[in-house]
Amino acid sequence: MTTDSPHPTLVLVYQRTSLPWIFESAERAGIDLVLVPRPDEAVSEDRLPPAVVDVLQLDIETDRAGALDALRRRYEENAFQGIVTLYDPAVPFVAEAAELLGLPGIGRDVALGAQDKRVMRERLAAAGLNVPGFVRLDEPADWEKAARLTFPVVVKPAHGFSSLGVTKAESPQRLKSVVDEVWRTSASKLGQVDGLVVEEYLDGPEFAVESLAHGGDVRILTIGYKGDPQGPHFEEGVYRAPAALPETVQDDIRREVIAAHKALGITDGPTHTELRLRGGVTPYLLEMGARIGGSGVSHYIASGVTGIDFAAQALRIAAGIASEPLGSGPLPTPVGAAANYIVPCGGYGRITTISGLDELRDDPRVDHVVQMLFPGDVVRPYPDFTGYPAFVLSRHASIAETEEFHRFLEQAIRIEYADDTDHSHEGQA
Ligand code: ADP
């Protein structure tokens with residue numbers, strides 16, 4: 001394969017340029033990027049990250065065949081060495097494109113297992129891993145099939161992400177209305193919905209695991225604490241790594257996550273796993289994504305904890321130029337602690353002020369304040385999802401300091417709303 005540039009080139013699908021980590025890692029790794037912008041993001045060519053050498057507009061959601069065609073033409077004119085995404089719904093498209101062009105990738109079938117929660121549950125169960133009782137629903141009218149599960153249960157779209165629509169139902173009496181509501185929310189927010197999963201509620205704290213697979217070896221880099229959200233809706237909150245866990249529990253998590261890679265057939269590339277410790281001890285996967293999590297936040301966390309350039313390694317694997325074997329030994333010894341605090345909406349309506357964020361930009365512990373919502377924006381109440389106001393990404397000497405910092409942020413950041421928006425017909429706050 002040849003390109004005009006001496007650097008390997010990767011196509012990067014649907015990454016926002018406001019989330020910089022993957023672009024910075026590409027630059028460090030000497031990898032050029034062809035950016036496929038999100039359709040709703042206007043990128044200005046003169047303000048692109050240095051690693052981006054070209055921009056290619058593709059609409060993978062409504063014109064998949066056209067997008068594959070455009071990629072093939074781009075490849076024939078000017079070959080690239082691989083294609084990646086950090087955007088969960090694009091994982092199957094990227095796997096398909098890589099397969100068609102003969103580039104490194106996990107393949108369409110494996111991508112499906114990592115993206116469709118029905119297939120994932122079936123494959124994990126078939127491999128004998130820890131899976132809660134679950135039922136797949138092909139249409140809302142099937143809701144009664146799930147009434148035999150042990151309650152409470154969680155109802156979610158098969159192809160969801162960012163907790164969109166995910167809702168707890170406390171009793172069989174509530175099941176029908178929750179299924180209807182999740183179907184409606186998913187249809188309006190995700191564009192289409194072809195099925196739901198209903199599964200037993202896993203009681204226990206939540207953790208995220210960042211891993212890299214290469215040639216079938218799986219290296220777990222970090223395990224981080226994700227809070228203990230109780231529902232009924234599951235807004236994301238904190239991410240603090242490395243999690244303070246007994247060695248035995250850490251080993252159980254490591255074994256379960258490595259086994260899940262095998263069960264799903266993920267042999268190459270980064271993964272982002274979310275799990276709960278049922279009863280405080282037994283790891284049950286919630287999901288495993290075949291991508292770097294949180295649009296790159298997972299790279300920030302894993303590299304802050306281990307000193308390893310997670311995204312650069314992932315990009316080398318995608319370009320077929322990763323050489324060093326990973327081994328699948330114990331977790332790397334942490335070199336520090338890293339955290340993400342997702343500012344909660346804390347209400348709804350039209351935002352009038354957001355206070356406490358600007359001061360953080362000068363705080364030596366804080367590397368990034370990524371603000372997504374601003375005064376004037378309207379936050380709609382759950383189950384609708386407007387987005388998160390901001391991320392605060394920070395590094396610390398110890399996990400205790402991350403906890404203390406997050407307690408400080410809870411007090412320091414305030415969002416105020418004007419009550420000039422009429423939500424009288426909508427759900428609870
Ligand atoms: P998404 O891909 O939309 O993030 P997840 O399956 O990861 O969907 O669910 C989102 C959140 O909902 C999880 O992070 C977790 O807090 C909660 N959740 C989902 N399924 C369960 C379950 N079976 N038990 C307890 N909590 C759950």
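Predicted model: local features only at pLDDT ≥ 70, side-chain atom pairs only at ≥ 80, totals over all residues.
I began with strand 15 and strand 19 (residues 414–418). They run antiparallel and are joined by five bridges.

Next I checked strand 15 (residues 349–355) against strand 17 (residues 378–379). These two also pair in the antiparallel sense, over two bridges. I then asked which residue of strand 17 is the bridge partner of Gly349. It is Val379.

**The ligand and its shell**

I turned to the ligand and listed its surroundings. I found 20 residues around the ligand, and the closest are Lys117, Lys156, Ser163, Leu202 and Glu206. By class, I noted nine nonpolar, three polar and eight charged residues in this shell.

Domain 2 (133–200) and domain 3 (206–418) each give the shell at least three residues.

I went through contacts to single ligand atoms. A polar backbone atom of Ser163 sits 2.8 Å from an oxygen atom of the ligand. For Gly160, a backbone N or O atom lies 3.5 Å from a ligand oxygen atom. Glu199 uses its side chain: a polar atom there is 2.8 Å from a nitrogen atom of the ligand.

How much of the ligand's area does the protein bury? Taken alone, the ligand exposes 540 Å², and the protein buries 97% of that.

Last, I noted which elements give two or more residues to the shell. They are strand 6 (153–157), strand 8 (196–200), strand 12 (269–278) and strand 13 (282–289).

Note on methods: Residues numbered from 1 in each chain as written. Heavy atoms only, no water. Near = heavy atom within 4 Å. Polar contact = N/O pair within 3.5 Å; in protein donor to acceptor, adjacent residues only side chain to side chain. Areas by Shrake-Rupley, 256 points an atom, 1.4 Å probe, with all protein chains shown as cover. Helix = DSSP H or I, 4+ residues; strand = E, 2+ residues; numbered from the N terminus. Nonpolar A, V, L, I, M, F, W, Y, C, P; charged D, E, K, R; others polar. Domains from an automatic or database assignment. Pairing = 2+ DSSP bridges.
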